[in-house]
Amino acid sequence: MRALVVDHGEAGPVRFADVDEPVPSSDEALVEIRHIGLNFGELNYVRQWPIGAVHGHDAAGVVVRAASDGSGPPEGTRVALGMSAHAWAERVAVSPASLGTVPEGVDLADGAALGIAGVTALRVLRKRSLLARDVLVTGASGGVGHFAVQLAALAGARVTALVGSPDRTVGLRELGADKVLTDLTDLAETECRFDLVLDTVGGPLMAQAWTFLAEGGTIHVVGYSSGQDTTFASGALFGFGEPRSIATYGDMTPTSGELTDLLGLMAAGRLSAPVGLRGSWRDVDDAVQALFARKVHGKIVLDVV
C-alpha cells in the first residue's frame, strides 16, 4: 500500500513509498484512511523520526475491520484519529483509545483536522475555569489557535487573538475573539491582564506576554513556531502577589475522550474545523511549502486518493 514516509533529504520532509500492509493486534482496529491532517511540528521537526517510517498523527477514515477482542467501534464506523502514530497511509492499525466516532452531519474531512490541534487546545483550556476570565491566544490564525479561540469563547472567556499580520486576522472575531491584535504593544496603555495565555509562538513574544500576565496567571507553552529563544529582562520573573507561572505541554495520553467531545461540539454546530487548505495527498509537497511559508490560515487536510 502507499504511505507518506519520513525523508531527511532536501526533497523532504515526507515522500511516497510502498509499505507493508498493517497487521492489527487483537486490540486494534483496521482503518481505511480517507483524509490526513498536517501539523507544523511533525513536519518541521521531522528528524525526530527515523527515515522511512510512516509519518503523521492525524487522519480520518472508516473502520474496515473491528478489533478482534470486541473493543472499539464496529466495522463501517466513521472515525477520526488523533495523535496516532503512522497515520498517513492508506490503511492503519490503531488502538480504539486514539479514535473518536464521527457523528452524522460532520464532514469526515473535518474530523481529520482535529487531532493534535483540537485536543491540545481543549486540554490546555480545561486546566482552569475560564468563565469571565481574560485569555490570550498567540498564533491565533493557526490550527491550535483557531480551536483555542472558539473553545475559550464557548467557556465564557474574554478572548484576545494575536496574529502576525493584518491578513491573518480574517474570521477570528466570527469565531469568538473579542479583540484581534497584530502587536501586543497595542495593550501597553491599557490595564488588560491575562489570566491564561495559550502560546504557540515562543521567542520574544512569550517574554512580552509575560508582562501582561495577571497575578495567578499562567502561560501554557504549546509550541515555538518562531524558532527563536525567549529571553527575560533582569528582574522580570520576580514579583509580589499571587504567583504567576509558565507551564510546558506535552500530553500524549490517549485522545478518544477529547475527540469525542470535540466531534460532539461540531455535530451541535458549536465548533467549526479551521480547514484553510484542502487538496489531494498527491500534492503534499505543495501543501508543506504553503504551511512553512505561513500561507495557510488554520489546518491543512489532504484527501487520500
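Predicted model: local features only at pLDDT ≥ 70, side-chain atom pairs only at ≥ 80, totals over all residues.
Two packed helices are described by the angle between their axes and the distance between the axes. Helix H3 (residues 115–125) packs against helix H4 (residues 143–154) at an angle of about 45°, and the two axes lie 8 Å apart. H3 is therefore oblique to H4. The crossing of H3 and H4 is right-handed. On the H3 side, the contact is made by Ala117, Gly118, Thr120, Ala121, Leu122 and Leu125, which meet Gly143, Val144, Phe147, Ala148, Leu151 and Ala152 of H4. By type, the residues of this contact comprise 9 nonpolar, 3 polar and no charged.

The largest nonpolar core has 43 residues, of which Leu125, Val149, Leu172 and Met266 touch the most other members. At least two residues of this core come from each of several elements, including H3, H4, strand E8 (134–138), strand E11 (194–199) and helix H7 (256–267). With neighbours within four places in sequence set aside, Met266 is in contact with Val106, Asp110, Leu114, Phe147, Leu271, Ser272 and Ala273.

Thr200 lies in the loop between E11 and helix H6 (204–210). The relative accessible area of Thr200 is 14%, so this residue counts as buried, the cut-off being under 20%. Apart from neighbours within four places in sequence, the contacts of Thr200 are Thr138, Gly139, Val144, Val222, Gly223, Tyr224 and Ser225. One of these, Val144, also belongs to the H4 side of the contact with H3.

Key. Residues numbered from 1 in each chain as written. Heavy atoms only, no water. Axes fitted to C-alpha atoms, helices over the stretch in contact; angles between N-to-C directions. Helix = DSSP H or I, 4+ residues; strand = E, 2+ residues; numbered from the N terminus. Parallel < 35°, antiparallel > 145°, perpendicular 65-115°, else oblique. Left-handed = near helix turned anticlockwise from the far one by under 90°. Contact = heavy atoms within 4.5 Å. Nonpolar A, V, L, I, M, F, W, Y, C, P; charged D, E, K, R; others polar. Core = buried A, V, L, I, M, F, W, Y, C linked by side-chain atoms within 4.5 Å. Buried < 20%, exposed > 50% of the residue type's maximum accessible area, 1.4 Å probe, protein only.
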